[in-house]
Each structure stands twice: as structure tokens, then as C-alpha cells.
Amino acid sequence: DGFYAGRTKKEILKIMRDPYIGVMGVVGLVFILLLKWSVLASFPLDNVSYFNIILILIPVFGRWAMVMAARMGPYASVAQKGTGKVFVENISAKELFIATLIVFAITLILSLLSFYSGIYLLMCASFIVVLVMVKVSRKILGGITGDILGAINEITEITVLFGAYLIYFII
């Protein structure tokens with residue numbers, strides 16, 4: 001809602017702090033759910049193990065993306081206390097390193113089990129999504145917020161899901 005309805009940084013942050021969902025928020029939510037459902041429904045079920053591995057990796061990469069974005073910070077609204085402020089201001093390089101090791105280990109184990117080495121591309125795609133979203137958020141808001149972290153999670157999950165679909169047919 002904030003990016004679509006707000007014209008200035010102050011207006012965008014005000015809209016993001018509002019607990020009520022607006023029209024663009026509803027449209028975005030419906031779009032995300034339909035997109036996820038359509039890609040999931042399009043997966044052929046002749047290789048259920050690959051499908052199950054992707055269902056594990058989707059939230060793993062989404063949460064990892066949030067940790068990366070929080071580390072890249074800063075928090076957009078210094079004067080205001082939002083739900084994401086504590087998370088953004090307290091992620092250090094140590095937490096990012098640990099999260100990255102965990103994600104890499106999970107990806108390694110699942111790639112060995114599935115024989116799909118292409119799933120490492122999904123990790124790269126997640127990183128690119130974070131870089132783009134953080135750059136856009138810094139340009140518009142001067143940093144990130146809890147809403148931005150949530151958006152990064154959702155966009156990363158969609159990217160991983162769609163990427164996994166493409167990898168399945170390419171590799």
C-alpha cells in the first residue's frame with residue numbers, strides 16, 4: 001500500500017504504519033496467492049521428491065532473504081518504532097553468516113538427495129531479489145522496514161518457486 005499510495009517518504013511510512021490493509025494491499029495479496037497457487041498447480045507430479053524438496057526450500061530461502069535484507073539495513077524510520085526495527089538493528093554479520101551456513105547446508109543435503117544441482121541457482125536468485133529490493137527501498141525510504149522485510153520474503157518465495165519450476169524443465 002505504501003509504495004502505491006504514498007507520494008513522499010513521510011506518506012509512505014505513515015501508510016506502512018497503518019494497521020489496516022488498503023486496496024493495493026488486497027490486490028497484492030490476491031496476486032501473490034494466485035501466482036503461488038498457479039505455479040504449484042503446474043508442477044508435474046511425476047517427480048514428487050523434487051516437489052517436496054522445493055516445498056522445503058521455499059520458506060528456507062524466504063527467511064534467509066529477510067536476514068540478508070535486515071543486515072543490509074538501515075531501518076528506514078529512525079524516529080518511529082516499528083515491528084521490524086529491533087530485527088533490522090540487531091542483525092550482525094555473525095547472524096547472517098550462521099543463517100547462510102544453515103541455508104547452504106540444507107541446500108547441499110537436499111541437492112545430494114535429489115541429484116538436482118540446479119537448486120543452487122535458487123540461492124543466487126534469492127540473493128539478487130534481496131539486492132534489488134534493498135536498493136529500491138533505500139532509494140525511496142532511506143532504508144527498510146518490517147513491511148519491506150515481509151515483501152522481500154514473499155517475492156523471494158515466488159522467485160524460488162518459479163525458478164524451481166524452470167529448473168525442473170531445463171535440467
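**Helix packing and the core**

Mentor: Happy to! Let's begin where helix 3 meets helix 8: Ile32, Leu35, Lys36, Val39, Leu40 and Ser42 of helix 3 are in contact with Glu154, Glu157, Ile158, Leu161, Phe162 and Tyr165 of helix 8. Sorted by class, this contact holds eight nonpolar, one polar and three charged residues. Do keep in mind that the model is predicted. Helix 3, which spans residues 23-42, packs on helix 8 at an angle of about 20 degrees, and the two axes lie 10 Å apart. Angles under 35 degrees count as roughly parallel, and helix 3 and helix 8 are therefore roughly parallel to each other. Their crossing is left-handed.

Now compare helix 4 and helix 7. Their axes come within 9 Å and cross at roughly 35 degrees, and this crossing is right-handed. On the helix 4 side, the residues in contact include Tyr50, Ile54, Phe61 and Trp64, while helix 7 brings, among others, Ile119, Leu122, Phe127 and Arg138. By class, this contact has 17 nonpolar, one polar and one charged residues.

That leads us to the largest nonpolar core, which has 45 residues; Tyr50, Ile54, Phe61, Ile119, Leu122 and Ile152 touch the most other members. Helix 2 (9-17), helix 4 (48-72), helix 6 (93-114), helix 7 (119-141) and helix 8 (146-170) each supply at least two residues of this core, and helix 4 gives the most, with 15 residues. Ile152 is worth a look in your viewer: leaving aside neighbours within four places in sequence, Ile152 is in contact with Ala65, Ala69, Val129, Val130, Met133 and Val134.

Terms used: Residues numbered from 1 in each chain as written. Predicted model: local features only at pLDDT ≥ 70, side-chain atom pairs only at ≥ 80, totals over all residues. Heavy atoms only, no water. Core = buried A, V, L, I, M, F, W, Y, C linked by side-chain atoms within 4.5 Å. Buried < 20%, exposed > 50% of the residue type's maximum accessible area, 1.4 Å probe, protein only. Helix = DSSP H or I, 4+ residues; strand = E, 2+ residues; numbered from the N terminus. Contact = heavy atoms within 4.5 Å. Axes fitted to C-alpha atoms, helices over the stretch in contact; angles between N-to-C directions. Parallel < 35°, antiparallel > 145°, perpendicular 65-115°, else oblique. Left-handed = near helix turned anticlockwise from the far one by under 90°. Nonpolar A, V, L, I, M, F, W, Y, C, P; charged D, E, K, R; others polar.
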